Amino acid sequence: MGIVLETDRLFLRGWKDDDAASLFKYACDNRIGPAAGWLPHRNEAYSRAVIRTVLSKDEVYAICLKGKKNEPVGSIGLTLNGSSERPLAEGEAELGYWIGVPFWGQGLVPEAAMEVLRHGFEDLGLNRVICGYFDGNVKSKRVQEKCGFSYHHTNKETKVLMLNEVRVEHFGVLTREKFYEDKYYKKCNIVL
């Protein structure tokens, strides 16, 4: 099943076909997908196809609460290969995440993000991670702030292909050096 990352409250593990029901349960909510630039899931078969095509990539993790039968309640991951629309340099990655509505406001995504960032900088040797959010997605902006990202730039014409829209997207950046400043690495209990 690959790497499993762990925090005080979470297991972060690879996605499996058996996760389709859980994925559908949370990803069908209209408050999640459109805010992140994708369509709400319409059935379990669609969710299974997303697991097989999108979520099965390296460094993409199901967010599972400890003590909740290993059920995914969201997803988080690092994109290591850029595209012409979203180029990445050597040693860079892009962080993406979402979590089911019942789990909003509990600090779970920042907790997961800090562990994924630790893994990226410490285990993968990344130098810099970028993270974007669409204009108006205050929850995603707060996650970036809590994890130490600094504003980098705004793209006023991001193409959101799945929704056939153009949106304003704001990007933050976090460098390895900033992550290892006392107030960030201590959140992950990293010993230098």
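Leaving aside neighbours within four places in sequence, which residues is Leu95 in contact with? Select Leu95 and you will find Ile76, Gly77, Leu78, Ala113, Val116, Leu117, Val129, Ile130, Cys131 and Phe149, where contact means heavy atoms within 4.5 Å.

Before moving on, note that this is a predicted model, in which local features need pLDDT of at least 70 and side-chain atom pairs count only at pLDDT 80 or more, while totals for chains, interfaces and linings use all residues. Residues are numbered from 1 along each chain as its sequence is written, and side-chain values use heavy atoms, with hydrogens and water left out.

Next, show the largest nonpolar core, which has 47 residues, with Leu12, Ile76, Leu95 and Leu117 having the most contacts inside it. Such a core is a set of buried Ala, Val, Leu, Ile, Met, Phe, Trp, Tyr and Cys residues joined through side-chain atoms within 4.5 Å, and buried means under 20% relative accessible area (1.4 Å probe, protein chains only). Its largest share, eight residues, comes from helix α4, residues 108–123 (a helix is a DSSP run of H or I, at least four residues, numbered from the N terminus).

Phe121 is in helix α4 and Phe179 in helix α6, 58 residues apart. Phe121 is buried at 1%, and Phe179 is buried at 0%.

Definitions and conventions:
Buried means under 20% relative accessible area, exposed over 50%, partly exposed in between (1.4 Å probe, protein chains only). Helices (H or I, at least four residues) and strands (E, at least two) are DSSP runs, numbered from the N terminus.
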